[in-house]
Amino acid sequence: MRQEPSSKPLTVAIVEDHPEFRAALSQALTHTGALQLLEVCKDLPAGMALVQRECPDVLLVDLGLPSGSGLKLIRSALRRWGRRCTSAVLTVTGNEEHLQTAVAAGAKGYLFKSDRPPDWVRTVQLLAQGQSPLHAPLAQNFLHCLQTAAYREPVDPAGDADDTTRELLMYIAAGYAPAEVAHKQNRTEAQIGQALRALYDRCEERGPDLSRRELELLQLLDKGYPFKQCAELMGVSESTTKTQAARAYEKLGASNLQTALYEARQAGLLA
Amino acid sequence: MWWAVGLVGLPLALFSWWVILQAPSRLDELTRVQGVEVWYESVGPVVFDQPGVTALVKRPPDWQRMQWAPTPLPSFIELGTSVDLPPDAPKMRAWFRIPIPPDLPGAVPHGRQGLLGLRVQGGPWSVWVDGQLIQANLSDWRIQWNVPLRVAIPRGAQEVFLAVPYAQPLGYAVGSLFVGPIDTVDTAWQERGFWYQTLPLLTAGVAMLLMLVSFHLAWVRPQEHLFALLGANALVWSISCLQYAYDVTGQDTLTVWFASAVDSSITWGVVLTCIFVFELLGVRVPRLRAFMLVYAVVSTCLTLPVWGWKVHALMAQQYFNAAAYVVGLAVVGWHVVRRPQPEGIAMWLAMSIQLALGLHTLENLSNQTNPDSFYSFPIGTVVLYLAFMYAMSRRTVAALEMAEHHEGVLRARLAEQEQRLAAQHAQLQQLEVQRSLAHQHDTIMQDLHDRLGSNLTSALLQARTGALDPQETVLLLQDLTDELRHIGKSQADDRRGLNEVLAELRQRVQHRLAHGGIQLVWDVDPALPPLSGKQTAQHLRALLSEAIANAIKHAQATQIRLQAHLKGMEVVVAVTDNGQGFDCDAVDTGRGLPGMQLRAQAMGASLSMQSARGRGTCIELRLPAIP
């Protein structure tokens, strides 16, 4: 998906409950003709259905939906489509705590509702090209995130790449715009955007890595089928399903079916 | 309770079975000797020490002078309650002529015959046949008073002579005699030996083990007097039982002391048993206990052989013991009646049985009136010890149960405490959350007032006067929306970095600058130190906003440069524009310069301004840095 010179227009989906903003955003995005609006949803259930059905290039989600948190939607999209669908948060305040949670869930950017319409279009296009925006408060959070990650997984022992990244974050935290940092670091603006995307990826918290069969089993169990029937439906023995379930529980950090289903729902694995 | 009855009853039942059924049926297989005759021989001035007695036993009588008189068996001279034994007391020998039934002509021969005597008390007996000594129990006669007599009769002998030496006042006792096949005699002899010798020795062994264990427990837990008392009881009984095992024949001095120790051990046994039971049942009779101890000490001392009083007061001592035991038993009985407990009843029963059996032994054997009687005192002791064991095990079980109960109570109390603590903790947490919420609320209200309130008010006032064109309205609303980003920051102002404050400032002014077509050159060291002072962030924000606003409004600049660098111990923040500048001396106060000065002072910073017409303006602030 990295900046394919495709004739197909970028597809965008919006999940937003504020009617005026929804209308303004839809209008702004379709105005140029470069973007194709797949669907506009106003609540979580519609959004969930959309995510299961379609794979938009960019999914714009309001976190504070009346029917639940948009985080669930972001997780679900990540789970369903992986990197093919880029999620971003629609925000008024740009509150870095909320954004950080969304980033952990898999969001790759955000879009200020108070920005001007051309900025929206540009942000969406950059998101689709594998770049991400970053403002000062979130940069501060990322710095912290980077420090803790360094303890956990020393990515680059030489630390050169990390040093550049830390410098980038410090510039942005000090109020520099990405374009200015590009100039300072002798890089292109797109490179900066991609470096920021890499940071988003690093701050993403990996959800439980369930196999397809394990997920299938959990979905059946969620519907209330007993193990015996699950085994019949999946065409395996009952003991196999129990082994799979035990492995799934372990991955979800759960000790029984109820908590496992809860965790799976939290992680957006189940509807 | 059934345990108690069983422990007391089982040994008694076994013993009764032997006494009532087994022993008589065994004796029925033999023939009771009839037509015994007796002759008392005066043996002259013989000293009853070991050499004297040995010589006497082996000395044949004057067979011609024997004058026989018929006598029934048992034959005895009773031992008085208190017997004086002067050195010159007359010494005698009691001779019994025992006819042996001959083989009847034509009948099946008897085979080898044996003679069984149920008991011979007094001196060492000797058996003579045809003028020859054939057997004597000289070697250990002092501990053999309880051993039945067993003699193999030479074939063809028609009569057997049995001699028992004695000192005149002390007397003797010879029990019934039986004749029969030697193997039957042997069996009967061994069976009696088991009950009279082996069993007391076994109990002595058990008593010694018990003594070791009890003394160890007493050593480990000296506060529990029961263990020491039980150990002392076992020790006394062990000493008492030595009479069945230890032969002191040949050592006359030791013999005398040994006899004294064995006699006194009964006294101590009685006293210690009573005290042990008092302690066990919690009977509070300190004076009686003290009196009993004094009695035991006095009795022991009075009967010591050192006095050389030559008073043989065995019976008197044992009657006193019985009296002391009756008193103890009565006290225990009274206690049990008032507070019936299984161990109390068991102890009382066992004590009663021991007393009864002890009196039985005293009245039949010790006073030499019934040498045929069975020897029952050891069984009483066995019963008593079983009762002791029963009571101690009940005690132990009760202690364990008590400990478990206490543990349960403690655990319940602990759980309760934990629950209470958890509740308190939850309450505290709730309070903390409430407090933090209240604080957050205050911060947000303050921010709303400071940031949105003033802007809204000015917008409202301008809108009323009609001074707002649409573009200005958009800018104002844009400002207001942007302000939302900074409301309710979780971090307090005084803990934020200078970079953060500057970044926020940039975000805040960027729309205005873009609208005015002014380029902002950002030249900020990204590693500036944090701010000091509570109000510094607020002052700095206001001061720089003012400076930038002035540049936008008055300077007609196309570029504004914001620089912030660390220089030595100061942070230098400069706002420079390329506008028209002004004459510093002629400037009016409308540009808020005095306010900026005040804010700089409040921050502990210095503010300087340089401007000249046509050459822009530079406002420089020097802030002390936190190292």
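Hi everyone, let's start with chain B, which has 13 helices and 20 strands; these are DSSP runs numbered from the N terminus, with at least four residues of H or I for a helix and at least two of E for a strand. This is a predicted model, where local features need pLDDT of at least 70, side-chain atom pairs count only at pLDDT 80 or more, and totals for chains, interfaces and linings use all residues. Residues are numbered from 1 along each chain as its sequence is written, while chains are lettered from A and ligands numbered from 1 in the order in which they are written.

Of the 627 residues in chain B, 31% are buried (20 or more other C-beta atoms within 10 Å of the residue's own, with C-beta atoms placed from the backbone).

Now, a sheet in chain B. Three strands form an open, antiparallel sheet in the order E4-E13-E8, where pairing takes at least two DSSP bridges between two strands. Its edges are E4 (75–76) and E8 (120–121) of chain B, each pairing on one side only. E8(B) and E13(B), residues 173–174, are joined antiparallel over 2 bridges, and B:Val120 sits opposite B:Val174.

So where do the chains meet? Here, 14 residues of chain A contact 16 of chain B, contact being C-beta atoms, placed from the backbone, within 7 Å. On chain A's side, H6 (136–152) and H7 (160–173) each supply at least two residues, and H7(A) gives the most, with 3.

Last, confidence: chain A averages a pLDDT of 85 (the predictor's confidence in each residue, from 0 to 100). Within chain A, H6(A) is lowest, at a mean of 77, and strand E3 (residues 58–62) is highest, at 93.

Technical notes: Contact = placed C-beta atoms within 7 Å. Buried ≥ 20, exposed ≤ 12 C-beta atoms within 10 Å, placed from the backbone.
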